[in-house]
Amino acid sequence: MTEAALNVEARTMRVPIKIWRYDSATGERALKEYVVDAPEWVTLLDVLDIIKDQQDGSLSYRKSCRMMICGSCGMRMDGAAVLACKTRMYDIVQSGHVPVISAMGNLPIVKDLVVDMQPFWDKFHAVKPWLQPGYEEPPDGKEYIVSQERMNPIHKESLCINCGCCVSECNAMESDPEFLGPQALAKAFRFVGDPRDQSDVDRLEDLNSEHGIWECTRCYFCTERCPKGVDPRDSIAKLGAESVKEGIDRDLGAKHAKWFVTSAKTTGWLRETELVPKTQGIVSAIKETRFAMTLALKGKVPPPVPPHVAQDVEESRKLYDLVHEQGRDGAAGIVQGERGIARMEYLHETSGEEPPDADG
Ligand code: SF4
Ligand code: SF4
Ligand code: FES
């Protein structure tokens with residue numbers, strides 16, 4: 001062994017860690033502390049392996065690939081979902097913090113860090129995660145080829161490894177366990193956005209049902225915790241935009257979204273006082289009158305008449321017209337917006353140029 005290799009081997013650290021142990025058979029639950037000596041490069045999964053190997057063979061957790069591919073090792077560290085094989089321990093140990101490891105949320109615990117993934121897979125299957133082809137087969141048995149450019153909008157959704165970290169953190173699933181949830185909805189967009197799939201409208205109809213896309217509270221926890229950059233909240237926004245584009249707007253959430261656009265286009269401003277009558281109807285608005293008056297008296301909402309018009313309203317009108325002229329309704333508009341913002345940020349960072357205005 002070389003001297004360099006020996007030096008690498010010599011660099012070890014003492015890793016303290018707490019783990020919530022649980023046995024669903026007995027209902028026993030206990031927070032146990034462990035301390036292991038481990039190389040500085042260890043991940044959380046390596047630490048669990050050392051504990052299981054050297055201190056307590058009954059510790060239960062899932063793993064397989066050890067390289068962020070299989071999605072088996074999702075668990076919580078200090079209350080936030082992580083992939084154990086992606087989580088390096090060095091900085092945590094150096095900070096003096098003792099992390100608390102527990103099973104993922106929103107899924108029943110079987111034992112220690114192992115959760116029952118059946119509810120996860122049930123929702124996954126509910127969105128029909130397979131291609132329903134709607135394209136003409138090329139003549140002579142040739143392969144139907146889709147350009148990379150047309151597949152790019154669903155590239156990040158294709159990176160999902162079904163780890164469940166997003167589901168673990170989902171606020172909407174906590175209040176409604178029947179909510180389809182971020183993973184299933186990201187998978188649904190994977191097929192709604194696939195140019196080869198012919199079931200877009202049927203899929204969107206299903207996703208607009210109870211427990212569907214509009215139940216999302218937009219907390220962005222799924223996006224924050226996803227270890228693969230899938231950004232499920234973005235996928236849900238695109239499913240909402242596609243639904244409105246297809247005229248599937250029966251849900252209150254869709255009506256809200258449509259009113260936001262109308263309000264921004266006409267006054268460059270979200271006119272909250274008109275939100276309830278425009279989206280929930282006049283009866284609901286009358287029921288909320290007293291609440292609205294209280295808000296108005298406290299200066300929390302502006303009076304509806306005359307409508308407040310933002311100084312730069314022309315910019316939001318131009319943006320609205322641009323999106324329509326270019327036929328960028330639905331998810332394509334969101335993709336275009338993302339690219340535009342990325343380009344502006346890039347220009348700003350690399351050249352110091354000011355971002356372009358609405359004309360630009
Ligand atoms: S943004 Fe929506 S889907 Fe994502 S965690 Fe929050 S409530 Fe769940
Ligand atoms: S979307 Fe991200 S967090 Fe959710 S299951 Fe897929 S890879 Fe895991
Ligand atoms: S062990 Fe496969 S993703 Fe962590």
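Tutor: Let us begin with a definition: a residue is buried under 20% relative accessible area, exposed over 50%, and partly exposed in between (1.4 Å probe, protein chains only). This is a predicted model, in which local features need pLDDT of at least 70, side-chain atom pairs count only at pLDDT 80 or more, and totals for chains, interfaces and linings use all residues. Residues are numbered from 1 along each chain as its sequence is written, chains are lettered from A and ligands numbered from 1 in the order in which they are written, and side-chain values use heavy atoms, with hydrogens and water left out.

Student: What is the relative accessible area of H211?

Tutor: H211 lies in the loop between α9 (200-207) and α10 (221-225). Its phi is near 70 degrees, a positive value in a residue other than glycine. H211 is partly exposed, and its relative accessible area is 23%.

Student: Are α4 and α8 roughly parallel or roughly antiparallel to each other?

Tutor: Helix α4 (residues 118-126) and helix α8 (residues 181-192) pack at an angle of about 25 degrees, with their axes 9 Å apart. Axes are lines fitted to C-alpha atoms, for helices over the stretch in contact, and angles run from 0 to 180 degrees between N-to-C directions. Angles under 35 degrees count as roughly parallel, over 145 as roughly antiparallel, 65 to 115 as roughly perpendicular and the rest as oblique. The two helices, α4 and α8, are therefore roughly parallel.

Student: Which residues in α8 meet α4?

Tutor: Contact means heavy atoms within 4.5 Å. From α4, the residues taking part are F120, K123 and F124. Their partners in α8 are Q183, A184 and K187.

Student: How do α8 and α9 lie relative to each other, roughly parallel or roughly antiparallel?

Tutor: The axes of α8 and α9 come within 10 Å and cross at roughly 160 degrees. In their contact, L185, A188, F191 and V192 in α8 meet D200, R203, L204 and L207 in α9. From the angle it follows that α8 and α9 are roughly antiparallel.

Student: How far apart in space are R196 and T289?

Tutor: R196 is found in the loop between α8 and α9, and R196 is partly exposed, with a relative accessible area of 22%. Not counting residues up to four places away in sequence, R196 touches several residues, including L131, Y144 and M151. R196 and T289 are 93 residues apart in sequence, and their C-alpha to C-alpha distance in space is 49 Å.

Student: How many residues of helix α2 are buried?

Tutor: The buried residues of α2 are L44, L45, D46, V47, L48, D49, I50 and I51. They pack against β1 (12-23), β2 (28-39), β3 (74-77), β4 (80-83) and β5 (100-102). Helix α2 (residues 44-54) is mostly covered, and of its eleven residues the number buried is eight.

Student: How far apart are the C-alpha centres of domain 1 and domain 3?

Tutor: The protein chain is divided into domain 1 (3-115), domain 2 (118-245) and domain 3 (252-325). These bounds come from an automatic or database domain assignment. The C-alpha centres of domain 1 and domain 3 are separated by 49 Å.

Definitions and conventions. Helix = DSSP H or I, 4+ residues; strand = E, 2+ residues; numbered from the N terminus.
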